[in-house]
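Student: I would like to learn how to read helix packing and cores in a model, taking one feature at a time. Could we begin with the structure itself?

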Amino acid sequence: MRIGEIAALVGVTPRTVRHYHHIGLLAEPARRANGYRAYGVRDAVLLARIRRLTELGLGLDEVREVLAGDAGRELADVLRELDADLARQEREIRERRLRLAGLLDGPVEGTESVSPALAELLAAAPVTASPSAAKDREHLMLLDTIGGGSEIYAVLRPLAGDPAVLALYEQLDALAAASPDDPRIGPLADRMAALAPDEVLDAIPAGGPVMTGFGEALLADYPPAQAEVVRRVMVALTVRSRDRGGNGNGRGSR
């Protein structure tokens, strides 16, 4: 059989067969004098098995391990792992459907598909036209997307309705067009840092290249004077965390 014939027989494309050859999943057959590949029944049987395994949801590396026989993983082990992964996906789909149901029942404007914990936090916050408050919401939604924000949401929940927070947002808004040496920056940063409870320090992720890069990107999202306020707040919280004996996230040797 030529490549088009074996591909048609098994129900795949010639391009798929060539790809399997390229990655070493399917051995190259002998070639005729004219240079065309000559496939036999054994090749078709192996190709059909590869197709069945991929249709079960196995990746090509997993298929390779199954085909390796005794030197690789048993098919039953791979299938059990696949079943566990499908069960995880089912749980994630159910959670997403619950979020969607909540949005259909009456979503908080602009929250899209956020976690229940963040939706509760945003729902508790008073309605405000503050651009700084809107930016905070966007940053929280970003944190929600990348995961790891549930502890922070719980800590921030008591602050959601605090009138002092709205006043700080208004003061930060007033610095939108100010210079980075504006005398209002220092006092505002001090008030904002003082308002953050110690529990926030425990919930903030540890440092590292990712968090450092995120901090830089966060500051770049603000005008100069506002960025200086946020930078000073970040520094103040870092120092406070260190003074409490933490390792950068308040969870050190306690």
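Student: Which residues in α10 meet which residues in α13?

Tutor: A contact means heavy atoms within 4.5 Å, and helices are DSSP runs (H or I, at least four residues; strands are E, at least two), numbered from the N terminus. In this structure I185, G186, L188, A189, M192, A193 and A194 of α10 meet A225, E228, V229, R232, V233, A236, L237 and R240 of α13. This is a predicted model, in which local features need pLDDT of at least 70 and side-chain atom pairs count only at pLDDT 80 or more, while totals for chains, interfaces and linings use all residues. Residues are numbered from 1 along each chain as its sequence is written, and side-chain values use heavy atoms, with hydrogens and water left out.

Student: At what angle do the axes of α10 and α13 cross?

Tutor: Axes are lines fitted to C-alpha atoms, for helices over the stretch in contact, and angles run from 0 to 180 degrees between N-to-C directions. Angles under 35 degrees count as roughly parallel, over 145 as roughly antiparallel, 65 to 115 as roughly perpendicular and the rest as oblique. Here the axes of α10 (residues 185–195) and α13 (residues 224–243) come within 9 Å and cross at roughly 45°, and α10 and α13 are therefore oblique to each other.

Student: Is the crossing of α10 and α13 left-handed or right-handed?

Tutor: A crossing is left-handed if the near helix is turned anticlockwise from the far one by less than a right angle, and right-handed if clockwise. The crossing of α10 and α13 is right-handed.

Student: How do α9 and α10 cross?

Tutor: The axes of α9 (residues 163–173) and α10 come within 11 Å and cross at roughly 150°, so α9 and α10 are roughly antiparallel to each other. This crossing of α9 and α10 is left-handed, and the contact is made by V165, L168, Q171 and L172 of α9 with L188, R191, M192 and L195 of α10.

Student: What is the packing angle of α1 and α3?

Tutor: The angle between α1 and α3 is about 45°, with their axes 10 Å apart, and the two helices are therefore oblique to each other. α1 passes α3 in a right-handed crossing, where I6, L9 and V10 of α1 meet D43, A44, L47, A48 and R51 of α3.

Student: Which residues touch the most other members of the largest nonpolar core?

Tutor: A nonpolar core is a set of buried Ala, Val, Leu, Ile, Met, Phe, Trp, Tyr and Cys residues joined through side-chain atoms within 4.5 Å; buried means under 20% relative accessible area, exposed over 50%, and partly exposed in between (1.4 Å probe, protein chains only). In the largest core, which has 18 residues, V17 and L47 touch the most other members. The elements that give two or more residues to this core are α1 (3–10), α2 (14–22), α3 (41–55) and α4 (60–67). Apart from this core lies another, of 13 residues, including L175, L188, A189 and A225.

Student: Leaving aside neighbours within four places in sequence, which residues is L47 in contact with?

Tutor: With those neighbours left aside, L47 is in contact with I6, V10, V12, V17, Y20 and L26.

Student: Is L53 buried or exposed?

Tutor: L53, which lies in helix α3, has 4% relative accessibility and therefore counts as buried. L53 and V63 are 10 residues apart in sequence, with their C-alpha atoms 6.4 Å apart in space.

Student: How many helices and strands does the protein chain have?

Tutor: The protein chain has 13 helices and 0 strands, and of its 254 residues 30% count as buried.
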